[in-house]
Amino acid sequence: MAAAFPDSPSAQEALAGFLHANDRKEDALAIWRKLAEKADLTPTLNVARSLSARGENAVALELLAAREKDFGDNPLFLGQLVAAALHEKQYERCLPGARRRVETARSASELEAAVAQAVTAFKQSEKIEETIKELQAAPQRPVQLTCLLAELHESLGESERADEVLKIPAEQGETLAIGQ
């Protein structure tokens with residue numbers, strides 16, 4: 001099928017999966033790298049997910065990092081990038097993406113997913129207290145980062161402090177803060 005449809009990303013994706021499953025890992029990785037090299041967002045994410053599903057998170061991270069300039073403000077892209085970096089324990093690589101994903105959230109569901117992933121990233125990297133101090137020191141912070149600050153407090157068992165952080169934005173009618 002892949003030979004009959006050499007320009008079909010789906011056929012190439014299927015071939016890569018077949019090759020990977022049949023101990024031709026390097027051939028499969030070459031196909032996935034080529035597919036992700038100049039693809040739009042969705043095919044790039046599909047390749048990264050295929051790689052991650054097969055335990056190839058390091059390669060997924062490599063491909064996503066190469067495309068960060070193109071898609072670095074997209075929450076789905078950032079979520080995949082952070083997930084791959086977390087799996088590889090590359091915390092310095094994932095923390096900026098986790099924070100950017102929170103900052104770019106525009107809906108309650110996007111924010112909830114972004115904050116949950118960011119809290120996991122900051123927890124695994126042992127940077128919760130440092131991040132709390134940084135966010136508290138900010139003279140002004142967007143409501144998304146205020147929600148992150150509240151969840152970081154919550155992750156430390158500081159529920160009253162978390163509620164206090166969200167009180168003012170919630171009173172001002174910030175729907176993202178109300179949802180938290």
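**View 1. Helix α4 and its buried residues.** In helix α4, which spans residues 57–66, the buried residues are N57, V59, A60, L61, L63 and L64. Buried means under 20% relative accessible area, exposed means over 50%, and partly exposed lies in between, with a 1.4 Å probe and protein chains only. Helices are DSSP runs (H or I, at least four residues), numbered from the N terminus. The model is predicted: local features need pLDDT of at least 70, side-chain atom pairs count only at pLDDT 80 or more, and totals for chains, interfaces and linings use all residues. Residues are numbered from 1 along each chain as its sequence is written, and side-chain values use heavy atoms, with hydrogens and water left out. The buried residues of α4 pack against α2 (25–37), α3 (41–53), α5 (68–71), α6 (75–87) and α7 (91–104). Contact here means heavy atoms within 4.5 Å.

**View 2. The contact of α3 with α6.** The axes of α3 and α6 are 11 Å apart, and the two helices pack at an angle of about 20°. Axes are lines fitted to C-alpha atoms, for helices over the stretch in contact, and angles run from 0 to 180 degrees between N-to-C directions. α3 and α6 are therefore roughly parallel to each other. Angles under 35 degrees count as roughly parallel, over 145 as roughly antiparallel, 65 to 115 as roughly perpendicular and the rest as oblique. The crossing of α3 past α6 is left-handed. A crossing is left-handed if the near helix is turned anticlockwise from the far one by less than a right angle, and right-handed if clockwise. From α3, L41, L45, A48, R49 and S52 meet L76, F77 and Q80 of α6. By class, these residues are five nonpolar, two polar and one charged. Ala, Val, Leu, Ile, Met, Phe, Trp, Tyr, Cys and Pro count as nonpolar, Asp, Glu, Lys and Arg as charged, and the others, Gly among them, as polar.

**View 3. The aromatic pair.** The structure holds one aromatic pair. F71 and F77 form this tilted pair, at 5.8 Å centre to centre with 55° between the planes. Rings of Phe, Tyr and Trp (its six-membered ring) pair if their centres lie within 6.5 Å; planes under 30 degrees apart count as stacked, over 60 as edge-to-face and the rest as tilted. Both F71 and F77 are buried.

**View 4. The crossing of α7 and α10.** The axes of α7 and helix α10 (residues 143–155) come within 7 Å and cross at roughly 125°. The two helices, α7 and α10, are therefore oblique to each other. R99, V102 and E103 of α7 make the contact with Q144, L145 and L148 of α10.
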